[in-house]
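This report goes through a structure one part at a time. Look over the sequence and the model before reading on.

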Amino acid sequence: MMPLAAPINLLAALFLLVVFAMLWQRRLANLITIYAWQGTILTLSIALAAYATHSAHLYASACLNGLLKIVLVPALLRRLARRLDVQWDRESLVQVSTVMLIGLGLVIFAFNAALPIAAAGHGINRAIIGIALASILLSLLMMILRATALSQVIGFLAMENSLIFAATSVTYGMPMVIEFGIALDVIVGVFILGVFFFHIREQFDSLDIDRIERREESR
Amino acid sequence: MIAHLFMRQGVQILFVLAMAPLLAGWVRQCRAWLANRAGAGLLQPYRELLRLLRKQPVVPHEASALFVATPYIVFTTMVVASALVPMITIHLPLAGAADAVVLAGVFSLARIFAALAAMDLGTGFGSMGARRAMLVGFLAEPALLMVLFTPALISGSTSLVVIVRQLARHGVILYPSMAFAAVAYVMVTLAENARLPVDNPDTHLELTMIHEALNLEYSGRYLALIEWGAAIKLFVYIGIGAALFFPWGIAQGTSSAGLAIAYALFSAKLATAGAGLAVIETVFAKLRLFRVPEFLGTAFLLAVLGLLMRYLFGH
């Protein structure tokens with residue numbers, strides 16, 4: 001049993017709940033707020049892991065994640081949404097209840113898939129593996145179901161959050177260099193995609209992926 | 001000993017009958033305060049019940065016996081439900097007789113009769129309200145059952161008495177699964193009792209009404225029974241919530257001092273829950289009817305997630 005298992009489990013449960021909230025949310029501005037909450041939970045769980053292991057590099061990782069995922073990336077996304085003027089657009093999802101049921105199926109699948117993984121390793125919290133796997137699958141589902149490019153990017157960022165969550169909670173973090181690399185990748189990715197969105201819209205008058213595809217066919 | 005048991009049961013039923021209108025008045029008063037109004041006072045529901053009981057009821061010509069019988073059936077099922085929940089003490093003769101699943105069944109019995117009676121006359125509003133009530137009911141019931149299964153899994157029994165005894169013995173532990181179930185339970189309670197995000201309890205003659213549409217043709221003592229039954233239903237739902245999620249303070253022993261403390265604590269829980277309900281009703285706007293399935297689907301999702309958490313964490 002890991003130290004501090006109870007609060008880490010509670011955070012894990014909240015993490016899964018937040019991913020579901022993302023899947024369910026229609027408005028982009030609220031989606032970005034939920035993304036910031038996900039970052040907060042992630043930062044708290046890394047800080048808890050750092051406290052449990054007294055490791056300096058996890059504390060540094062918590063600071064880095066907090067700065068990046070609570071402040072910087074949400075601010076960038078907000079600015080992007082404001083400049084593209086899509087922050088209050090409502091997305092037409094597939095029936096919300098259907099999405100929820102598919103999500104539940106994914107969660108059950110992930111929880112069952114986590115059992116043999118946890119059995120193979122020693123001292124690995126199987127609950128965390130299951131929840132992280134479920135979060136990754138749910139973020140993927142969000143990327144598949146969303147119509148506009150910006151919310152697909154948020155789904156991608158949520159997936160990255162889930163991966164970091166898995167890494168820190170299960171094995172107490174990756175080497176510092178790799179974490180810095182990922183953080184840099186995320187920042188650069190958001191910047192490049194931001195520029196990319198303006199080009200997409202100039203070209204196609206819309207960020208709606210379905211519409212872009214239809215236009216490609218009719219050419 | 002047996003006489004004592006049944007006396008405790010009788011006192012609890014009388015307590016519920018007497019206090020249910022007060023709870024309704026308290027929720028209304030809190031809402032009035034939150035909206036900066038003076039409010040009609042805590043005793044207003046009693047005055048309304050008294051007025052309705054004195055009035056002569058009017059029954060439509062086309063009504064069948066079902067129409068007249070339904071208020072009595074609804075009221076009786078609610079009283080039975082209130083007897084099945086260990087609110088004050090776990091030593092109740094009837095509380096051991098039925099478990100949580102039966103309780104859900106008792107509620108749906110009342111709902112079916114209310115819907116049938118509303119359809120009985122063949123008026124537009126009545127049958128529309130009946131259909132809507134059944135829609136909400138059939139979505140809320142699976143969510144309610146899923147909520148009940150989480151504490152049932154933790155304590156190893158679907159009997160509310162065993163659940164209360166087991167959970168109270170563990171002391172104050174925050175189970176993630178129970179937190180999920182509690183949120184889902186609040187959502188189900190709002191839907192089942194026709195409270196604000198799902199139905200507006202204050203309006204008559206609107207196209208959005210659900211609960212009021214069922215009672216449009218009732219008057220006099222029939223309406224009084226239905227309104228009183230609705231107040232008892234809310235009371236019982238809060239009682240179930242207290243038993244499942246805040247079982248501390250429900251008397252385990254049989255001493256009269258313990259019972260007195262349990263009554264005081266339960267009244268405090270009721271007051272808190274009523275105030276919380278008023279806050280929810282003030283903060284949230286009414287959902288469109290087509291969004292209600294989403295609302296209850298979310299409740300179902302939370303309840304199932306709670307169950308899965310319980311399975312995954314193993315505690």
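## Helix 7 of chain B

In this predicted model, helix 7 of chain B covers residues 176-192; at 1.5 Å a residue its 17 residues should span 24 Å, and the end C-alpha atoms are 24 Å apart, which agrees. The expected span is 1.5 Å times one less than the number of residues. Helices (H or I, at least four residues) and strands (E, at least two) are DSSP runs numbered from the N terminus.

Of the 17 residues of this helix, 15 are buried, so the helix is largely enclosed by the rest of the structure. A residue is buried if 20 or more other C-beta atoms, placed from the backbone, lie within 10 Å of its own.

## Where the chains touch

Chain A gives 14 residues to the contact and chain B gives 12; two residues are in contact if their C-beta atoms, placed from the backbone, lie within 7 Å. On the chain A side, helix 4 supplies the largest share, seven residues.

## Chain A

Chain A has eight helices and zero strands. Buried residues make up 38% of its 219 residues.

## Confidence and numbering

The model scores ipTM 0.75 and pTM 0.85.

Residues are numbered from 1 along each chain as its sequence is written, while chains are lettered from A and ligands numbered from 1 in the order written.

How values were computed: Predicted model: local features only at pLDDT ≥ 70, side-chain atom pairs only at ≥ 80, totals over all residues. Buried ≥ 20, exposed ≤ 12 C-beta atoms within 10 Å, placed from the backbone.
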